[in-house]
Amino acid sequence: MSLEIERKFLLPQYPQAQIEAGELVLQSEQRIEQTYLAIDENEELRVRRLIDLATGQVSHTHTFKSGNGLVRGEVEYSISASMYAQVTEAFGFTPLTKNRITASWNGRTIEIDNYDQIQLSVLEVEFPSLEEANAFQAPEWFGEDISLQKQYSNKTVWKQLQGEKWQEK
């Protein structure tokens with residue numbers, strides 16, 4: 001299982017000024033639909049459909065994550081479109097949808113997620129070590145650090161989107 005070490009920030013506005021100044025270089029944009037199959041306090045199991053908006057290429061993944069906070073275990077692999085459809089139809093949940101912009105900033109790769117069903121934009125930065133993540137000084141335009149605030153996690157937002165349907169499962 002690989003480790004995912006990341007910090008998340010509540011992006012207050014689209015960073016147009018940083019793009020225009022050449023400080024932030026856009027690399028790609030994906031359309032993401034994700035549905036959780038199982039969630040508990042320390043683990044989650046989800047599937048995603050990802051569409052590359054430049055090429056139209058579609059891929060599907062199945063992901064298991066464990067842990068909370070800045071460091072989490074992650075196993076992710078590709079699945080077929082048929083498998084994705086079977087799983088999502090069997091559960092009948094509403095997928096969480098967002099556009100993800102991947103960009104280069106100051107020698108780092110960052111991801112900006114713009115959600116559809118709620119007014120939320122989150123900027124994520126991944127790190128090779130917990131020490132580097134803790135030492136990182138974010139610029140003001142990143143916004144508030146929400147790395148440890150569970151109400152902004154994808155699984156929390158997704159559960160709220162399901163409403164009573166989630167409680168019944």
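## Basis

The model is predicted: local features need pLDDT of at least 70, side-chain atom pairs count only at pLDDT 80 or more, and totals for chains, interfaces and linings use all residues. Residues are numbered from 1 along each chain as its sequence is written, and side-chain values use heavy atoms, with hydrogens and water left out.

## The largest pocket

The largest pocket holds about 700 Å³ of space. A pocket here is an open set of points on a 1 Å grid over the protein atoms alone, where a 1.4 Å probe fits, with protein on both sides within 12 Å along at least five of seven lines. The volume is the space filled by probe spheres set on the points, which are joined across faces, edges and corners.

The lining consists of 37 residues, and lining residues have an atom within 4 Å of a point. Glu6, Lys8, Lys65, Arg72 and Ser153 lie nearest the centre of the pocket. Two or more lining residues come from each of β1 (2–10), β2 (24–39), β3 (43–52), β4 (58–66), β5 (71–78), β8 (121–126) and α4 (154–162). Helices (H or I, at least four residues) and strands (E, at least two) are DSSP runs, numbered from the N terminus. By residue type, the lining has 19 charged, ten polar and eight nonpolar residues. Asp, Glu, Lys and Arg count as charged, Ala, Val, Leu, Ile, Met, Phe, Trp, Tyr, Cys and Pro as nonpolar, and the others, Gly among them, as polar.

## Helix α2

Helix α2 covers residues 81–91, and its buried residues are Tyr84, Val87 and Thr88. They lie on the same side of α2, because they cover an arc of only 90 degrees around the axis; the arc is that of the directions from the helix axis to the C-beta atoms. Buried means under 20% relative accessible area, exposed over 50%, and partly exposed in between (1.4 Å probe, protein chains only).

The cover over these buried residues includes β2, β3 and β4. Glu89 and Ala90 are exposed on the other side of α2. Just after the helix, Gly92 has a positive phi of about 70 degrees.

## Nonpolar cores

The largest nonpolar core has 16 residues, and Ile110, Leu123, Trp141 and Phe142 have the most contacts inside it. Such a core is a set of buried Ala, Val, Leu, Ile, Met, Phe, Trp, Tyr and Cys residues joined through side-chain atoms within 4.5 Å. Two or more residues come from each of β1, β6 (96–105), β7 (108–115) and β8. Strand β6 gives the largest share, three residues.

Leaving aside neighbours within four places in sequence, Phe142 is in contact (heavy atoms within 4.5 Å) with residues including Phe9, Trp105, Ile110, Leu123 and Phe136. Another core lies apart from the largest one and has ten residues, among them Tyr115, Leu120, Val122 and Val157.

Glu132 is in helix α3 (residues 130–135) and counts as partly exposed, at 30% relative accessibility. Its C-alpha is 9.4 Å from that of Ile5, although Glu132 and Ile5 are 127 residues apart in sequence. Beyond four places in sequence, Glu132 is in contact with Arg108 and Phe127.

Ala38, in strand β2, is partly exposed at 35% relative accessibility. Ala38 and Lys155 are 117 residues apart in sequence and 9.8 Å apart in space, C-alpha to C-alpha.

Asn106 lies in the loop between β6 and β7. Asn106 counts as exposed, at 63% relative accessibility, and has a positive phi near 55 degrees in a residue other than glycine.
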